[in-house]
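Reader: I have a chain open here and want to talk it through. Can you start with the terms and then take my questions as they come?

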Amino acid sequence: MISFSVMALVFGVVFLAELPDKTALAGLVLGTRYRASYVFAGVAAAFAVHVALAVAAGSVLTLLPQQIVHAVTGVLFLGGAAVLLMKKDEDEEAVRDPENQSFWKVSGAGFMLILVAEFGDLTQIMTANLAARYDDPVSVGVGAVLALWAVAGLGIVGGKALMKRVPLSLITKVAALLMVGLGVWSLYEAVAG
């Protein structure tokens with residue numbers, strides 16, 4: 001059974017953390033060059049693979065005692081917040097042009113770009129943390145994959161307009177603030193439990 005509150009929390013945290021990421025910019029670049037639906041198909045498949053790996057890793061952490069899990073996830077959330085606040089603006093990555101506009105070439109390019117760029121990325125680590133924290137892999141997985149797909153869709157279709165209206169620095173600060181809150185709450189539960 002899906003917990004909509006867990007799914008919504010995961011969606012919000014992952015969405016805000018992924019917006020200022022290099023992969024959102026890469027999606028924007030691919031979306032401006034190629035058919036958006038083809039790009040989205042490849043990017044969405046790659047994000048689904050990453051979420052599945054992250055949820056599996058987080059589910060293994062649930063086998064540990066709850067106090068340890070809360071302490072570890074709290075520290076990792078605080079570390080993630082620090083990484084968000086300290087990272088410099090990233091340039092758009094150079095994207096190799098597929099030879100033509102065929103579905104397999106374009107979606108394959110999007111898939112490979114995201115698969116490589118997102119491996120071990122902050123949002124993948126956050127998803128594993130959230131899976132461990134809430135011991136609800138389905139809700140966490142659905143929330144994370146929907147958030148990543150939403151960011152990919154925004155980046156591919158409407159990225160330019162969003163970036164003109166909402167500064168990335170503000171999005172980054174809001175995501176970091178949410179992560180600090182989750183980190184402090186997890187550490188409190190580790191000490192209080």
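Author: Helices (H or I, at least four residues) and strands (E, at least two) are DSSP runs, numbered from the N terminus. Read along the sequence, this chain has the pattern α-α-α-α-α-α-α-α-α. This is a predicted model, where local features need pLDDT of at least 70 and side-chain atom pairs count only at pLDDT 80 or more, while totals for chains, interfaces and linings use all residues. Residues are numbered from 1 along each chain as its sequence is written, and side-chain values use heavy atoms, with hydrogens and water left out.

Reader: How many helices and strands in the protein chain?

Author: Nine helices and zero strands.

Reader: What share of the residues counts as buried?

Author: 46% of the 193 residues. Buried means under 20% relative accessible area, exposed over 50%, and partly exposed in between, with a 1.4 Å probe and protein chains only.

Reader: And the contacts, how far apart in sequence are they?

Author: Contact means heavy atoms within 4.5 Å. Among contacts between residues at least 6 apart in sequence, 92% join residues at least 24 apart.

Reader: Switching to cavities. How many of 30 Å³ or more?

Author: One cavity. The rule uses a 1 Å grid over the protein atoms alone: a cavity is a set of points where a 1.4 Å probe fits but cannot get out, and lining residues have an atom within 4 Å of a point. Grid points are joined across faces, edges and corners, and a volume is the space filled by probe spheres set on the points. The largest cavity comes to about 40 Å³.

Reader: Which residues line the largest cavity?

Author: His50, Val51, Glu118, Thr123, Gln124, Thr127 and Leu148. Helix 3 (36-61) and helix 6 (122-134) are the elements that each give two or more residues to that lining. Helix 6 has the largest share, three residues.

Reader: What is the lining by class?

Author: Two nonpolar, four polar and one charged. Ala, Val, Leu, Ile, Met, Phe, Trp, Tyr, Cys and Pro count as nonpolar, Asp, Glu, Lys and Arg as charged, and the others, Gly among them, as polar.

Reader: Is Thr127 buried or exposed?

Author: Threonine 127 is buried, at 1% relative accessibility. This residue lies in helix 6. Leaving aside residues up to four places away in sequence, threonine 127 touches Val14, Val51, Ala54, Val55, Val140 and Ala144.

Reader: Now the rings. How many aromatic pairs?

Author: Four. Rings of Phe, Tyr and Trp (its six-membered ring) pair if their centres lie within 6.5 Å; planes under 30 degrees apart are stacked, over 60 edge-to-face, and the rest tilted. One of the pairs is tyrosine 38 with phenylalanine 103, edge-to-face at 5.2 Å centre to centre and 85° between the planes.

Reader: What does that pair tie together?

Author: Tyrosine 38 is in helix 3 and phenylalanine 103 in helix 5 (residues 103-118), so the pair joins parts 65 residues apart in sequence. Phenylalanine 103 is partly exposed, at 30% relative accessibility. Ring pairs also link Tyr38, Phe103 and Trp104 into a cluster.

Reader: What about Trp185 and Tyr188?

Author: Their ring centres are 5.7 Å apart and their planes at 35°, so that pair is tilted. Tryptophan 185 and tyrosine 188 are three residues apart in helix 9 (residues 168-192), about one helical turn. Tryptophan 185 is partly exposed at 44% relative accessibility, and tyrosine 188 is exposed at 52%.

How values were computed: 1 Å grid on protein atoms, 1.4 Å probe; cavity = no way out; pocket = protein on both sides within 12 Å on 5 of 7 lines; lining within 4 Å.
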